[in-house]
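Me: I would like to go through this model and check each term against its definition.

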Amino acid sequence: MASWCVRAVRHSCSLVASPALMRSSPRLLCTATQQKNGHGSEEEAEKLEQGAAEKVLMEEKTQLEEQLKDMTEKYKRALADTENLRTRSQKMIEDAKLYGIQGFCKDLLEVADILEKATESVPKEEVTSQNPHLKNLYDGLVMTEVQIQKVFTKHGLVKLNPNGQKFDPYEHEALFHAPVEGKEPGTVALVTKVGYKLHGRTLRPALVGVAK
C-alpha cells in the first residue's frame with residue numbers, strides 16, 4: 001500500500017513538471033489575447049460600418065432636400081402660370097361680354113348715320129304746323145334718333161363729335177389738313193362723320209378735317 005502511494009505521488013509530480021504542459025500554457029495565453037484583440041477589431045469594424053451608413057444617409061438626405069427644393073420651385077412656377085392663365089381667361093371672358101356686340105353695333109351705326117342725315121336734310125323753316133305731314137315725319141325721325149342713342153348709351157356705345165377738340169389719332173381719322181381761320185393748328189375744324197367708342201375702345205374713328 002505504501003509503495004502504491006509513492007508511485008502516485010511521483011506520477012503527479014511528473015505531470016506538473018511535464019515540458020509538454022509547460023509548452024501548452026503560453027499557447028493558451030496567446031489564444032486569449034487573440035480573442036481579446038479580435039473583439040476589439042469587431043467593434044472598430046462596426047464603428048466604420050456605422051460611419052459609412054451615416055455618410056450614405058447624409059448624402060441621401062442632401063439629395064432629397066435638393067429634389068424637394070426643385071419640386072417646390074416647379075410647383076410655384078406652375079401655380080403662377082395657372083394663375084396667369086386664369087387671369088387671362090377671365091379677361092377674355094369679360095372682353096367677350098363687353099365687346100361681343102361690336103359687330104352688331106357697327107351695323108347699327110349705319111342706321112344711326114342715315115337717321116342723322118335725314119333729320120339734317122329737312123329744312124327747319126318747313127317744319128311747321130302748316131306742313132303737318134312733314135312735321136310729323138321730322139318729329140318721328142328725331143324721336144327715333146334720340147331713342148337709338150339711348151340704346152347705344154345703355155350698352156356702352158358713345159358718340160364722338162370732336163369738333164373744336166385737339167386731334168387724337170386714336171379717336172379721329174384726318175381726311176385733310178388745311179388752314180382754317182379762327183382755328184388753332186392741330187385742332188378739329190370739320191367733322192364729316194361722327195365716331196363711336198364702345199366701353200372706352202374706339203369702335204369707329206370720327207372722320208375729320210384738321211386745321212394747320
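Me: How many helices and strands are there in the protein, and what makes a run count as one?
Reply: The protein has four helices and six strands. Helices are DSSP runs of H or I with at least four residues, strands are E runs of at least two, and both are numbered from the N terminus. This is a predicted model: local features need pLDDT of at least 70, side-chain atom pairs count only at pLDDT 80 or more, and totals for chains, interfaces and linings use all residues. Residues are numbered from 1 along each chain as its sequence is written, and side-chain values use heavy atoms, leaving out hydrogens and water.

Me: What makes strand 1 and strand 4 a pair?
Reply: Two strands pair if DSSP finds at least two bridges between them. Strand 1 and strand 4 (residues 195-198) have four bridges, in the antiparallel sense, so they meet the definition of a pair.

Me: Why are strand 1 and strand 5 called edge strands?
Reply: The open sheet of three strands has the order 1-4-5. Strand 1 (157-160) and strand 5 (201-204) each pair on one side only.

Me: What is the angle between helix 3 and helix 4, and how is it defined?
Reply: Helix 3 (residues 102-121) and helix 4 (residues 132-154) pack at about 145 degrees, with axes 9 Å apart. Axes are lines fitted to C-alpha atoms, for helices over the stretch in contact, and angles run from 0 to 180 degrees between N-to-C directions.

Me: Which share of the protein counts as buried?
Reply: Of the 212 residues, 17% count as buried, that is, under 20% relative accessible area with a 1.4 Å probe, protein chains only.

Key. Buried < 20%, exposed > 50% of the residue type's maximum accessible area, 1.4 Å probe, protein only.
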